Amino acid sequence: MKCKRCRKAAAAVDLPSHHSAFCPECFFVFFRRQVEEGIRKFSLLSPRDRVLVCVSGGKDSLVLWDILLDLGYDAEGLYIDLGIEGYSDRSREKVMAYAKSRGKEPIVVDLRREGVPIPEAAKRSRKEECAVCGTVKRYFFNRVAASRGFSVVATGHNLDDESARLLGNLMHWHRDHLARQHPLLPETGDGLVRKVKPLWRVSEMETAAYGFLKGIDYVTEECPMSFDATSLVYKEALSLLEEKMPGTRFNFYQGFLQSREGRGTESKGTFLNFSEEGPAAGGEEESGGAQAKCALCGAPSYTETCAFCRLKEKVGKGGRR
Ligand code: SF4
Ligand code: ZN
């Protein structure tokens, strides 16, 4: 099959949802345009921004860093070493190798050095690993961005991630989570930096194809802490629908965003009230504009000490037992 754009080279990537198939060069053009449109649609980034890209060593975040650099953004990588034996070391190697290939030096936060490696912190606090991980990651996204003068934090969530999350939120009618689901979470003015998801229009397959064709080497194994396969079930359900009806995933998520925009003009402040990811996702200081500062670290917090400092305290106490 020939590429549908240049009609010369052989097609390398088949995209049924776009009724297209592209050769590598034309696929890069397509992918780039999708990301640019995703950024433009919600004014996620401006050329003046200093962007902190959260890189995990996986394909999505490295592809995000790659394309933002190619688009000319001032983008630096932040790698949070979760302290998960083996997996974190291998992920870190991928991040360092990619950064070197682009002449970059990522900012590294090592949770073992910070005293809160995820497996240990989850055990001591008697919480799920992913809940603890969410709290810690959000804390360092904000802290590093604020202390180093970044105007925005970007994460590599793609269309599959966001549509699966939407389906899960709808299935359980998590209205508060639905109200906060968006590719843009504005800054709150009291220390919580703006957060964006520039890959929201591109699928996991498209991101993987881009990474592969660009020669980006990423970690392919799943995090060993991802016991909770719920999001994978929603992804599978949507993949089935996508296979039978190409374009379903995009229409589902875009339709949700459009309905939010429409309703935003009718009833501001209820379902559509933008705010940060809620306490269920880890951390009351992220629940929509913190009122005060943590007495220990100075981070925005509703309570006297922030969720991170309370966690750190629990881990410390557990260690002294
Ligand atoms: Fe963190 Fe859980 Fe994701 Fe692992 S699976 S990186 S512990 S949120
Ligand atoms: Zn604190």
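A crossing is left-handed if the near helix is turned anticlockwise from the far one by less than a right angle, and right-handed if clockwise. I wrote that down before opening the model.

**Entry 1: ground rules**

I am reading a predicted model, where local features need pLDDT of at least 70, side-chain atom pairs count only at pLDDT 80 or more, and totals for chains, interfaces and linings use all residues. Residues are numbered from 1 along each chain as its sequence is written, chains are lettered from A and ligands numbered from 1 in the order in which they are written, and side-chain values use heavy atoms, with hydrogens and water left out.

**Entry 2: H2 and H8**

I looked up H2 against helix H8 (residues 204-213); their axes come within 10 Å and cross at roughly 65 degrees. Helices are DSSP runs (H or I, at least four residues), numbered from the N terminus. Axes are lines fitted to C-alpha atoms over the stretch in contact, and angles run from 0 to 180 degrees between N-to-C directions. H2 is therefore roughly perpendicular to H8 (65 to 115 degrees counts as that). The crossing of H2 and H8 is left-handed.

I then listed the contact (heavy atoms within 4.5 Å). On the H2 side I found Lys59, Asp60, Val63, Asp66, Ile67 and Asp70; on the H8 side, Glu204, Thr207, Ala208, Tyr210 and Gly211. By class, that is four nonpolar, two polar and five charged residues. Here Ala, Val, Leu, Ile, Met, Phe, Trp, Tyr, Cys and Pro count as nonpolar, Asp, Glu, Lys and Arg as charged, and the others, Gly among them, as polar.

**Entry 3: H1 and H2**

I moved on to helix H1 (residues 24-41), which packs on helix H2 (residues 59-70) at about 85 degrees, with the axes 11 Å apart. That makes H1 roughly perpendicular to H2. Phe31, Arg32, Val35 and Ile39 of H1 touch Val63, Ile67, Leu68 and Asp70 of H2. I noted six nonpolar, no polar and two charged residues in this contact.

**Entry 4: the zinc ion**

Which residues coordinate the zinc ion (ligand 2)? I found Cys294, Cys297, Cys306 and Cys309, each through SG, at 2.2 to 2.3 Å. Donors are N, O and S atoms within 2.8 Å of the metal (3.2 Å for Na, K and Ca). In sequence, the donor residues are spaced C-x2-C-x8-C-x2-C. The site is tetrahedral, with angles of 107 to 113 degrees among its four donor atoms. Four donors count as tetrahedral if all angles lie between 85 and 135 degrees.

Note on methods: Four donors count as tetrahedral if all angles lie between 85 and 135 degrees; four count as square planar and six as octahedral if opposite donors are over 155 degrees apart and all others between 65 and 115; anything else is irregular. Helices (H or I, at least four residues) and strands (E, at least two) are DSSP runs, numbered from the N terminus. Angles under 35 degrees count as roughly parallel, over 145 as roughly antiparallel, 65 to 115 as roughly perpendicular and the rest as oblique.
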